[in-house]
Amino acid sequence: MSDPRDAGTVRTSLAEIASLLAPAHPGVADEVLRAHDDPNGYVSAFEDRLEERGIDEPVDNLPWIALIDALAARGLLAEFDWKEDAEEVRAQLGALESRPSPDPWTLSEPAGTSLPTYDFLHACGRRYREIGAALAVLDIDSDCYPVVGLRAARADELTALAGRAGFPVEHLGAAGPGQ
């Protein structure tokens, strides 16, 4: 059975995701599309960055990794270890270029700082949603959480675009099972 996502749809969706998450940074889309169109060239050009991830040749999710790395390089994504300290999570989220104003953490006392990282990230997501912002994990099937911020009104758009491109997104703090 063939993959229902053709290369044109994937490419277009990746470009739209880059534009959604980095509207003032066209270089993000350039890097993502290079990883899609010329994986070998991308790996050669960004070998130092990819070495940190243990990647030395093209992999299936290279454009998604390129998106994450390009966003992180521009202060638009924070990547958290599975056992990150809550204060470090708050500090990195507060440093994101896409952080909401006002900062949701200044609106009330910190809560849940003793929670495991995953649970604390969901608590952060709920706080962000209270002021119309959203946090999303661009999942790379790893023990880390690459997190981006965006307007809550655009969260479903991100999910749809990522689905068309064949990559998973998880919205933190969104209502759902166990939330």
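Student: Is D141 buried or exposed?
Tutor: This is a predicted model, where local features need pLDDT of at least 70, side-chain atom pairs count only at pLDDT 80 or more, and totals for chains, interfaces and linings use all residues. Residues are numbered from 1 along each chain as its sequence is written, and side-chain values use heavy atoms, with hydrogens and water left out. Buried means under 20% relative accessible area, exposed over 50%, and partly exposed in between (1.4 Å probe, protein chains only). D141 has a relative accessible area of 75%, so that residue is exposed.

Student: Where is D141 found?
Tutor: Helices (H or I, at least four residues) and strands (E, at least two) are DSSP runs, numbered from the N terminus. D141 isn't a glycine, yet its phi is positive, near 55°. As for its place, look in the loop between β2 (133-138) and β3.

Student: How far apart are the end C-alpha atoms of helix α5?
Tutor: The expected span of a helix is 1.5 Å times one less than its number of residues. For the twelve residues of α5 (residues 62-73) that should come to 16 Å. The model agrees, with the end C-alpha atoms 16 Å apart.

Student: Which residue just after α5 takes a positive phi?
Tutor: Go just past the end of α5 and check the backbone there. The phi is about 75°, and the residue is G75.
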